[in-house]
Amino acid sequence: MIEIRRIFTHVEQIRHEFGPVAPVPLLRGAIGVVLTNPFAGRYEPEILPMMAALDPVGLTMARKLLAAMDVSTERIEGYGKGAIIGAAGELEHGALWHVPGGYAMRELLGWKGDAAAYAKGQGEEKSVRPGNALSIVPSTKKVGGPGAALDVPMTNINAVYVRSHFDAIEVRVPGAPRADEIVFILAMSTGPRIHARVGGLAAGAISKWDGLR
């Protein structure tokens, strides 16, 4: 069911946006895996078996992206995911990536599957330790032709309302997806926007363990 044609990796360093040069550049990376859509050209009512088949793909892609960015898991502060479905597929086929892609990154970054596990022995005054990946992974998807671009949203891995980490990275795989293909995408970043200064909840002041603040 899983037939991979290409893997495309993109990593960028952002040093400034017309302001002062950051002492440590912001790293943003994305990885796209191009694979055959087994449901292309027809309506298939039962598509969940593919979601389970994508689980190892998600884990492999998350590890490859982290390796390409050449940082430790503790450096990752933002993440997101997305899918571009070829013209012979449907939007719902991209939704198959929600669990395999999202949980792969969360597992890689230290999520334990139960928020209570983090809170045990930790008062609410304690900050969330980096790398817990408590937040849901934001996502977007669309149907598009070869070379179509997708703006993949990214938010803070521990609290989705951390305004400084609201971001997006444009991902485009040249020549993909063909009509009978899907591009599944993962994205990560090492911090807030390079000159974030619009207030809101600060990443260093998170006091809840639910990932929602």
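Leucine 26 is found in strand S2 of a predicted model. The protein chain has 213 residues, and buried residues make up 45% of them. It contains four helices and seven strands, arranged along the sequence as β-β-α-β-α-α-α-β-β-β-β. The average pLDDT of the chain is 90.

- With a relative accessibility of 5%, leucine 26 counts as buried.
- Leucine 26 and proline 192 are separated by 166 residues in sequence, yet their C-alpha atoms are 7.7 Å apart in space.
- Beyond its neighbours within four places in sequence, leucine 26 is in contact with Glu12, Gln13 and Ile14, and also with Ser189, Thr190, Gly191, Pro192, Arg193 and Ile194.
- For the protein chain as a whole, 78% of the contacts between residues at least 6 apart in sequence join residues at least 24 apart.

**Helix H1**

- Helix H1 covers residues 48-69, and its 22 residues should span 32 Å at 1.5 Å a residue; the C-alpha atoms at its ends are 31 Å apart, which agrees.
- There is a bend of about 35° in H1 at leucine 54, and proline 56 follows within four residues.
- The buried residues of H1 are Met50, Met51, Leu54, Val57, Gly58, Met61, Ala62, Leu65, Leu66 and Met69.
- These buried residues pack against strand S1 (4-14), strand S2 (26-36), H3 and S7.

**Helix H3**

- Pro100, Gly101, Gly102, Ala104, Met105 and Arg106 are buried in H3.
- The cover over the buried residues of H3 includes H1, strand S3 (78-85) and S7.
- After H3 comes glycine 110, with a positive phi near 110°.

**Aromatic pairs and a charge over a ring**

- Two aromatic pairs are present in the structure.
- One of them joins tryptophan 97 and phenylalanine 184, which are stacked, with 4.8 Å between the ring centres and 20° between the planes.
- This pair links distant parts of the chain, 87 residues apart: tryptophan 97 is in the loop between helix H2 (91-94) and helix H3 (98-108), and phenylalanine 184 is in strand S7 (residues 181-189).
- Both tryptophan 97 and phenylalanine 184 are buried.
- Tyrosine 103 is partly exposed, at 38% relative accessibility.
- Tryptophan 111 also counts as partly exposed, with a relative accessible area of 24%.
- The face of tryptophan 111 has arginine 106 over it, at 4.2 Å from the ring centre.

**Backbone features in loops**

- Aspartate 70 follows H1 and lies in the loop between H1 and S3.
- Although aspartate 70 is not a glycine, its phi is positive, at about 60°.
- Aspartate 70 is exposed, with a relative accessible area of 67%.
- Alanine 133 is another residue other than glycine with a positive phi, near 55°.
- The loop that holds alanine 133 runs between helix H4 (115-119) and strand S4 (139-143).
- Alanine 133 counts as buried, because its relative accessibility is 0%.
- A cis peptide bond, with omega near 5°, leads from alanine 176 to proline 177.
- Proline 177 is placed in the loop between strand S6 (167-172) and S7.

**Confidence of the model**

- A pLDDT of at least 70 is reached by 87% of the residues.
- Over residues 123-128 the pLDDT stays under 50, and for these residues the model has 15 contacts beyond four places in sequence.

Technical notes. Residues are numbered from 1 along each chain as its sequence is written. This is a predicted model: local features need pLDDT of at least 70, side-chain atom pairs count only at pLDDT 80 or more; totals for chains, interfaces and linings use all residues. Side-chain values use heavy atoms; hydrogens and water are left out. Rings of Phe, Tyr and Trp (its six-membered ring) pair if their centres lie within 6.5 Å; planes under 30 degrees apart count as stacked, over 60 as edge-to-face and the rest as tilted. Helices (H or I, at least four residues) and strands (E, at least two) are DSSP runs, numbered from the N terminus. Buried means under 20% relative accessible area, exposed over 50%, partly exposed in between (1.4 Å probe, protein chains only). A charge sits over a ring if NZ of Lys or CZ of Arg is within 6 Å of the ring centre and within 35 degrees of the ring normal. pLDDT is the predictor's confidence in each residue, from 0 to 100. Contact means heavy atoms within 4.5 Å. The expected span of a helix is 1.5 Å times one less than its number of residues. The bend at a residue is the angle between axes fitted to the seven residues ending there and the seven starting there.
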